[in-house]
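Reader: Hi! Could you walk me through this one?

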Amino acid sequence: MRGSAARRVRPTPTATSAPTTTTTTRTTTRTATRTAVAVLTAGAVLASGGCFGGSDDASHPGGPRGGKRPAAKPSVLWNTKPGSIASLGDSITRGFDACSVLSDCPEVSWSTGTEVNSLARRLLPASSRSGARSWNYAKTGAVMSDLSGQIQSAVGHKPELVTVLIGANDACRDSVDDMTPTAAFQAAFGAALKTLRRELPKTQVYVASVPDLKRLWSEGRKNVLGRQIWKLGICPSMLKDADATDPAAVERRRRVENRVDEYNTALKSVCAQDALCRYDGAVHNYQFSEDELSRWDWFHPSKEGQQQLADMAYRRITAP
């Protein structure tokens, strides 16, 4: 551009004027060509960097139109103080045999009970502890395949936290051959969690591990009355012939123990795929004492045992 700007004096009409005009034209043409190439090259670079099409590129904080850089997508955060709770599961969460023989006692449930320092009593405001913001849909005798139905019952309340303790009945069958296959157990849990997530995408889930049934047998068999109660049909795959130590009995209990371990691995695996699910292995690892077992069946948690379950769950749910 400097070549054309320098010649502001009109050239005289001589024989040398033509070459001067030609030189000026060529200089201008070459300059224009270089400018066009530069513009096109710059355009290609910008386009490849995502600066066309209205997007805000990280290397251009203001964006092509001077807009702000889009905010980073927030990570999913666990709320340590949920405002409502629905409890799902089996007889343990119903407080079975904790208050009287062969009866549910949800008042002492570790999750939503009102007569123990349950999760509901610790997490919910005093005005909500009577049941206005907590619901117990667990059912005595429930197995994993029943969990989806319990979730359907709970979703109408839109609980902020759902607690799940289920699986013991899948192992406590008439015989070890009747135990729920691990693959079916895992598939049923996965389907139940998908049902919950479809209906309540923001609800948190606390999943307690299946208790150590062999440990319960080892502790409860110390009580003579307990061994007699077990003959009525409580968890026969593990508890029948409680004093038997022959190879067949030992093998039977080992198979039940292994299946429970497999169930817990499945619970942990499925839960790990959901950002709002927390698995708790502490329940399986806890060694219930005789005082923490029901004085009517020496297998289900007593009121004291329910309190221990509540303590473990509270620690896991409120952990940062």
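Reader: Which strands does helix H10 lie across?
Author: Helix H10 (residues 247-272) lies across S4 and S5 and runs at about 155° to S5. Contact means heavy atoms within 4.5 Å, and angles run from 0 to 180 degrees between N-to-C directions of axes fitted to C-alpha atoms, for helices over the stretch in contact. Helices (H or I, at least four residues) and strands (E, at least two) are DSSP runs, numbered from the N terminus. This is a predicted model, where local features need pLDDT of at least 70, side-chain atom pairs count only at pLDDT 80 or more, and totals for chains, interfaces and linings use all residues. Residues are numbered from 1 along each chain as its sequence is written, and side-chain values use heavy atoms, leaving out hydrogens and water.

Reader: Thanks! What is the strand order in the open sheet?
Author: The order of its five strands is S2-S1-S3-S4-S5, with parallel pairing (two strands pair if DSSP finds at least two bridges between them). Strands S2 (134-136) and S5 (277-280) are at the edges with a single partner strand each, so one side of each has no neighbour in the sheet.

Reader: And how many bridges join S3 to S4?
Author: Four bridges join S3 (residues 161-165) to S4 (residues 204-208).

Reader: New topic: how do the axes of H6 and H10 cross?
Author: The axes of H6 (residues 182-199) and H10 cross at roughly 30° and come within 9 Å. The two helices are therefore roughly parallel to each other (angles under 35 degrees count as that).

Conventions. Angles under 35 degrees count as roughly parallel, over 145 as roughly antiparallel, 65 to 115 as roughly perpendicular and the rest as oblique.
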